[in-house]
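Colleague: Before we discuss this model, could you show me the sequence and the coordinates together? I would then like to work through it one question at a time.

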Amino acid sequence: MSGEQHDFSHLDRAGRATAGVARSPRLTVMLTIGVGIGLAWLLLGAMAIRGAENSPVGGPGDMLLKNLPSLPLPGFLDRFFALCLAPAPLAGPAGLQAPALVLMWFLMAVATMLPSAAPLIRTYCEIADTARIKGELVAHPLVLVAGYLATWLGASVGFTLLQLAVYAFAGSGRILDPAIGIAGAAALLVAGLYQFSGLKQACLEKCRNPFSILFANWSAKPARVFRLGLEQGIWCLGCCWALMLVMFAVGAMNVFWMALIGLFTLIEKQTGGRVASRVAGTILLVWAAALLLVSA
């Protein structure tokens, strides 16, 4: 890729602005990611409002959600929400409901996990921009993002299968209701214990040091950059998979807990040490014990 620079002085103001965005992959990529995250939260929020309106028993935050205006939605989104909110086991067509749930979990991953990957993506953009100025070939940063998201798409399939199994076994009336009793306590117990594990800390270290990993594995080949994004997604999944289990204890469409998990994940990856992980682990273990006592 050529390192030659142009000032685009022959263009009008709008043309120069457009050319500047096109010439800066970092700005383009971060804007694309921001739009994707915003869209994911918009869809999840709309689904949560629809679920609160149809919920016979108000859950945490349902009263607030019911008072929010319900936006008019296209028919395919209504169908998508209906499949995700249907009772368990598969009340809708098996060939439609399972993919809908996979998409729901994937949107949750984009909304809560992609923001914490921003340092990795920004670092790649900076290295790629330096290489481009030197006239070296680079793979587009969105290739790295695609690899990262591919990991979470695979994880979404796993979470969907687990969700269907748990709610079919529990005989819940609604597929997104909280997993109460032993199932909910087990999810919190696993999530709490994992916060203290060495594997959790090893994954966190990989997520906290994107520059060294990218620099050591730099490549201009899109296939290798995609694989690098895939590997970084696996490290991120290693950090956060247990926290996603908390959604089984609070209800899979609890947007307030989604936001809290996303914020905690961002803080945990940006701060050093184990304090945040241990505090969260302690809270989850106490919560699990309390839920077991109440359910006994």
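Colleague: Which residue just after H6 takes a positive phi of about 85°?

Modeller: This is a predicted model, in which local features need pLDDT of at least 70 and side-chain atom pairs count only at pLDDT 80 or more, while totals for chains, interfaces and linings use all residues. Residues are numbered from 1 along each chain as its sequence is written, and side-chain values use heavy atoms, with hydrogens and water left out. Helices are DSSP runs of H or I of at least four residues and strands are runs of E of at least two, both numbered from the N terminus. The residue that takes this positive phi just after H6 is Gly135.

Colleague: How far apart are the end C-alpha atoms of H6?

Modeller: H6 covers residues 118-133, which is 16 residues. The expected span of a helix is 1.5 Å times one less than its number of residues, so H6 should span 22 Å. The model agrees with that expectation, since the end C-alpha atoms are separated by 22 Å.

Colleague: At what angle do the axes of H11 and H13 cross?

Modeller: Axes here are lines fitted to C-alpha atoms, for helices over the stretch in contact, and angles run from 0 to 180 degrees between N-to-C directions. H11 (residues 222-244) and H13 come within 11 Å of each other, axis to axis. Angles under 35 degrees count as roughly parallel, over 145 as roughly antiparallel, 65 to 115 as roughly perpendicular and the rest as oblique, and H11 and H13 are therefore oblique to each other. The crossing angle is roughly 140°.

Colleague: How many nonpolar residues does the contact of H9 with H11 have?

Modeller: H9 (residues 198-208) packs on H11 at about 135° with axes 8 Å apart, and their crossing is left-handed. Lys200, Cys203, Leu204, Lys206 and Cys207 in H9 meet Gln232, Trp235, Cys236, Gly238, Cys239 and Leu243 in H11. Ala, Val, Leu, Ile, Met, Phe, Trp, Tyr, Cys and Pro count as nonpolar, Asp, Glu, Lys and Arg as charged, and the others, Gly among them, as polar. On that scheme two residues of the contact are polar, two are charged, and the number of nonpolar ones is seven.

Colleague: Is Lys200 buried or exposed, and at what relative accessible area?

Modeller: Lys200 is found in H9, and leaving aside its neighbours within four places in sequence, Lys200 is in contact with Tyr194, Gln195, Cys239, Leu243, Glu268 and Ser277. Lys200 is buried, with a relative accessible area of 0%.

Colleague: What is the relative accessibility of Tyr194?

Modeller: Tyr194 lies in H8 (residues 181-194). Not counting residues up to four places away in sequence, Tyr194 touches Leu199, Lys200, Gly238, Cys239, Trp241 and Ala242. Tyr194 counts as buried, with a relative accessibility of 9%.

Colleague: How far apart in space are Leu39 and Leu107, C-alpha to C-alpha?

Modeller: Leu39 is found in H2 (residues 25-53) and is partly exposed, with a relative accessible area of 47%. Leu39 and Leu107 are 68 residues apart in sequence, and their C-alpha separation is 8.9 Å.

Key:
A crossing is left-handed if the near helix is turned anticlockwise from the far one by less than a right angle, and right-handed if clockwise. Contact means heavy atoms within 4.5 Å. Buried means under 20% relative accessible area, exposed over 50%, partly exposed in between (1.4 Å probe, protein chains only).
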